[in-house]
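Trainee: I would like to go through the terms used for this model and see what each one rests on.
Mentor: Then let us look at the structure first.

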Amino acid sequence: MAKRPGIPKGTRDFSPEEVSKRNYIINIIRSRFELFGFMPIETPSFENSETLLGKYGDEGDRLIFRILNSGDFLRKADEAAYSSGDSTGLAASISEKALRYDLTVPFARYVVMHQNEIDFPFKRYQIQPVWRADRPQKGRFREFYQCDADVVGSDSLWQEVEFIRLYDAVFSDLNLEGVSIQINNRKVLAGIAEVIGAKDRLIDFTVALDKLDKIGAEGVKKEMAEKGISQEAIEKVQPLFTLTGDNESRMQVLRDLLRDSATGTQGLDELDFVLKAIDSLPLSNAALKLNVTLARGLNYYTGAIFEVSAPEGVSMGSIGGGGRYDDLTGIFGLKGVSGVGISFGLDRIYLVLEELDLFPASVAQTTKVLFLNFGDKEALYGMKAVAALRAEGVKAELYPDDAKMKKQMSYADKRNIPFVVLAGTKEMEDGVYTLKNMKTGEQQQLNLSELSSRLNL
RNA sequence: GUGGUUGUAGCUCAGCUGGUUAGAGCGCUGGAUUGUGGUUCCAGAGGUCGCCGGUUCGAACCCGGUCUUCCACCCCA
């Protein structure tokens, strides 16, 4: 016997029901993207390695799926790298392509390549799978979908305001209540690092600070100390650990702390603009929260940083994230184009909706009426009605085989098809169809136009 | 990449300290019911106990390896 087939770790098959539910989410996101003026693009599932490598930090490079060169790849292999145990060098010589790791970097590459055809500010959305060679975990897969919307070519903070409203609009449509959109600004983080004298340790500092929720103030201090941040500096950030109250009072504490940092103050001005704008344009569902400990690792964010958390009580990492990157296209040779964008994590949103039982019952799409098959003559009679119903937009089908009635009926039952039509010799003689309601068991004989108007309800 | 966890019928899971022929529920097939499904009753099919190796008179059970599942860390959607 053949070995049982399997699929790679961290990948999944989707059943018809799961696909319907995923499409439900995607359709809401897509229609909101378009309502806000974003245009769709798609990029290849794999890129040249050099496009991706080095854009996500060392950790990111490790998680990029590399594609082995075709043909006799050993001929070009770097033997020196192999014998000296240099995996990176060897990989570069036998692999020149890699699977897309996110949608932002390929988008930057797209903007640079198509800069002369694009009208700036360029607003694009993209809904495609990405791949990461991560170890699977709750809500973490090796193949998953991101739904991104970005704008390039505008420095305006109104874009940040728009994205917050976009998040709110999508989660409202999904009936997902209690979502919190956290906002921070990279310049504020840089300013803090500056005033405490840890400017050169910005990344280590922010990564440690980001864990406040998880490991507490003591844990953060410990990690900072381990990363070589001075005791004196750690004391100075103390006020951040106990930051409470509404957005306004938090801002005041930060104003005081960052008084001497031009960068930090600019970051606060930006935050202030966005927070005030949202105050005047209230969100319908989500809550916007200033969170100075938010530090998402992405190396390219330079201004606003966003992260969306699932409602309290649902244990799930972030279900969305984003931010502003002033110079992303600079890496590919196009300077001075600012971008800002957000991402929705489809697979995680799915898990949250499932856990909270928020998928509408109507998501499951099935055939509305199944015609039973009593033989070729009767099937032809049924098929004429099927064609007429389809022309009216009624999902209708004929059971393909002249099987036992019990089998055909239970097929309709298992597929949750609400109506069946019985059309045998008796019906043919009278020119009618027997319509059976599978839920109530009720049956009635109808002519074609009665049948059509009954099923069109 | 680090640490832990899981794997027995299509599915969910029992299976004692290593001991005859590995079980249940659901599902599936057939029948009760030749133009009526979902309920009920009867009968039946279905397993290389993830895979490879080892210990033993004897392994689903113990040991090693490997793959897979899930979880935590790192990192992230």
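Predicted model: local features only at pLDDT ≥ 70, side-chain atom pairs only at ≥ 80, totals over all residues.

Mentor: Residues are numbered from 1 along each chain as its sequence is written, chains are lettered from A and ligands numbered from 1 in the order in which they are written, and side-chain values use heavy atoms, with hydrogens and water left out.

Trainee: How many residues of domain 1 and domain 2 are in contact?
Mentor: Contact means heavy atoms within 4.5 Å. By that test, 15 residues of domain 1 touch 16 residues of domain 2.

Trainee: What area do domain 1 and domain 2 bury between them?
Mentor: About 1300 Å², with 69% of it on carbon and sulfur atoms. Buried area is the accessible area (1.4 Å probe) that two parts lose on being put together, summed over both. On the domain 1 side, Leu157, Ile164 and Asp168 supply 41% of the area buried against domain 2, more than any other three residues.

Trainee: How many residue pairs are in polar contact between domain 1 and domain 2?
Mentor: Six, with both residues at pLDDT 80 or more. A polar contact is a pair of N or O atoms within 3.5 Å; within protein, one must be able to donate a hydrogen and the other to accept it, and residues adjacent in sequence count only if both atoms are side-chain atoms. The count of salt bridges between domain 1 and domain 2 is zero.

Trainee: Why is the pair of Arg324 and Glu160 called a salt bridge?
Mentor: A salt bridge needs a side-chain nitrogen of Lys or Arg within 4 Å of a carboxyl oxygen of Asp or Glu. The closest N and O atoms of Arg324 and Glu160 are 2.6 Å apart, so the pair meets the definition. The pair links distant parts of the chain, 164 residues apart: Arg324 is in strand S10 (residues 318–325) and Glu160 in helix H7. Helices (H or I, at least four residues) and strands (E, at least two) are DSSP runs, numbered from the N terminus. The whole structure holds 19 salt bridges.

Trainee: What is the order of the three strands in the open sheet?
Mentor: The order is S2-S4-S3, with antiparallel pairing. S2 (46–48) and S3 (66–67) each have a single partner strand, so each is an edge with one side lacking a neighbour in the sheet.

Definitions and conventions
Pairing = 2+ DSSP bridges.
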